[in-house]
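Subject: Structure handover

Hello,

Here is the structure I said I would pass on. My notes on it follow below.

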Amino acid sequence: MFEGLVAKLLNQYLGEFIENVKTKDLSAAVWSGEVSLLNLKVKTSALDFLNMPIRVIDGFIGRIFLKADWSSLGSKPVTVVIENIFVIARPRENVSAEAKAALETAIHAKIRKLSAWQKFKLASPAMPEGASASWTEKLATKIVNNLQISIKNVHIRYEDPSVTSKATTASCLGVCLGELKLFTTNKDWEYEFLTDIEAKTLYKRLDMKNLAVYLNTNSEQLNQSTDLDYYFHDNKSFRHIIPPISGFMRLTMETDDSPDLKKPKLHLLLGLDSLGLTLSERQYDTNLQMLSVIGNIQHKINKEFDMIKFDEGSPQQETKYIKLYKRTLNASWLPELDEKEKGVMNELERKLSFESLARFRAKGMAELRHQLKEGEDIMTREDMKAQQAKTKGYISSVTSYIWGSRRPKAEEPKLTEDDLAKKREEIYKQINYNPEEEMAAEERRKARPKDYINIAVEFKMPKFFLNILSRSRQKLAYFIGTNSSLKASSYVGGLS
């Protein structure tokens, strides 16, 4: 069950950034309790989520390792290790091709948004009545309580060859990270495995080492190398605008649903050993040039992209789409779409705006709601088939919720009602879930006063400095601040 959720998340998110992710092999590895992926190549589209006219030209992840004993989450930690992340990005060049790529990205984003909108609107058959979000919270908490994450050696570099005169050089902006570790501790912030599943307070600690940002005005472009030191060890040629800094996070979470009102639900303490900014005149000018290049490319892409607009839809398109859309829902008296009709519907979804598609779908749902039996919920035809095929019972619904679709036939358990009842009790016990108690807890949460502090955040930094240099890197000005601090709180009734 837990492994199903993790496998789904890994397949979903790794597939967006890594090339040639074999979902079946990855899922099988997760079910075995140990995943070890080596020498992964980063997709050229990995940075598209930034919505900037840049693309990855090279990149790799040396190792992703996950270890979890799914049957003993209460006695063994879930460990995630990610090592040696390197990415080089440059400005996009082919504006026409990039405009088309931007259009495809926008279409995919629109479809994802439409899918999320539909999930919100439709009554989901996968989560049965009486199983609130608290069940999911319990499931996530069970894993997170003893989750250990380690990220080592990160180097992300942006190169712009157009700013320099030589073909082999470039102006470079880079971010480096030595290590990031997250783990569970005791109240003294020392590592400790949490065995008490009913502990009222959870302590999590995050340590960061050697985060730095550099800006080189004229450097040799990085080439492929088998020597990891070439990518990850601090290079003396790097001109840091933010020198390496270390910091920490201390998270205290009250897990009791009726806590002491004097304690915030979540207290977050953040700290840096120091923070500095060093900038020369040459770096400042180069930064402006790099931003100008990005701005000009983005303007050209926008100009070409603006030629292709999403349509609002004609009355004829509205009628056609609603008829097709209703046949994707649980209107069992209507025939399913054939391949040609699916193509017509997909083409309409590519051309029409999100607002129009959402409006058309809402109308289709409204029409269908009048045709369904009283009390019958609207759902997709796929969900309807899955609901009919699955054994009734809460455990079946939970499985559907985690996997998001039917398991392969070979994995589907053939359980009696007594077996289901026993399985249900095992799961409840493993994640410490009691439906009656959760309903009472929800009422207690709603009853909290408006001045109850949900979140309290503190930030501390003993030193801050600003260093301004000339083109020859002679000191022009130097500012320093000490003992900086900041506090903020979020109340039930609003922010402070």
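A contact here means heavy atoms within 4.5 Å. By that rule, among contacts between residues at least 6 apart in sequence, 75% join residues at least 24 apart. Please keep in mind that this is a predicted model.

Overall make-up

The secondary structure comes to 13 helices and 12 strands. Of the 496 residues, 40% count as buried. The protein exposes about 28,800 Å², and carbon and sulfur atoms supply 54% of that area.

Salt bridges

Side chains of opposite charge can pair when their charged atoms come close. A search of the whole structure finds 13 salt bridges.

R63 and E83 form a salt bridge, with their closest N and O atoms 3.7 Å apart. E83 lies in strand β3 (residues 78–91) and R63 in strand β2, so this pair ties together parts that are 20 residues apart in sequence. R63 counts as partly exposed, because its relative accessibility is 26%.

R90 forms a salt bridge with E159, and here the closest N and O atoms are 2.9 Å apart. This pair links distant parts of the chain: R90 is in strand β3 and E159 in strand β4 (residues 147–160), 69 residues apart.

E159 also meets R157 in a salt bridge, at 2.8 Å from N to O. The three residues R90, R157 and E159 are linked in a network of salt bridges.

Surface patch

Which residues make the nonpolar surface patch of about 360 Å²? They are F17, F49, L50 and M52. F49 is found in the loop between β1 (34–41) and β2 (54–67). With a relative accessible area of 55%, F49 is exposed, since the cut-off for exposed is over 50%.

Helix α7

Helix α7 (residues 315–326) has 12 residues, which at 1.5 Å a residue should span 16 Å. Its end C-alpha atoms are 17 Å apart, which agrees. Within α7, the buried residues are E318, Y321, I322, L324, Y325 and K326.

Regards

Technical notes:
Residues are numbered from 1 along each chain as its sequence is written. This is a predicted model: local features need pLDDT of at least 70, side-chain atom pairs count only at pLDDT 80 or more; totals for chains, interfaces and linings use all residues. Side-chain values use heavy atoms; hydrogens and water are left out. Patches are made of residues with over 30% relative accessible area and no salt bridge: like charges are joined within 9 Å, nonpolar side chains (Val, Leu, Ile, Met, Phe, Trp, Tyr) within 5 Å. Accessible areas come from the Shrake-Rupley method with a 1.4 Å probe; for residues, only the protein chains shown count as cover. A salt bridge is a side-chain nitrogen of Lys or Arg within 4 Å of a carboxyl oxygen of Asp or Glu. Helices (H or I, at least four residues) and strands (E, at least two) are DSSP runs, numbered from the N terminus. Buried means under 20% relative accessible area, exposed over 50%, partly exposed in between (1.4 Å probe, protein chains only). The expected span of a helix is 1.5 Å times one less than its number of residues.
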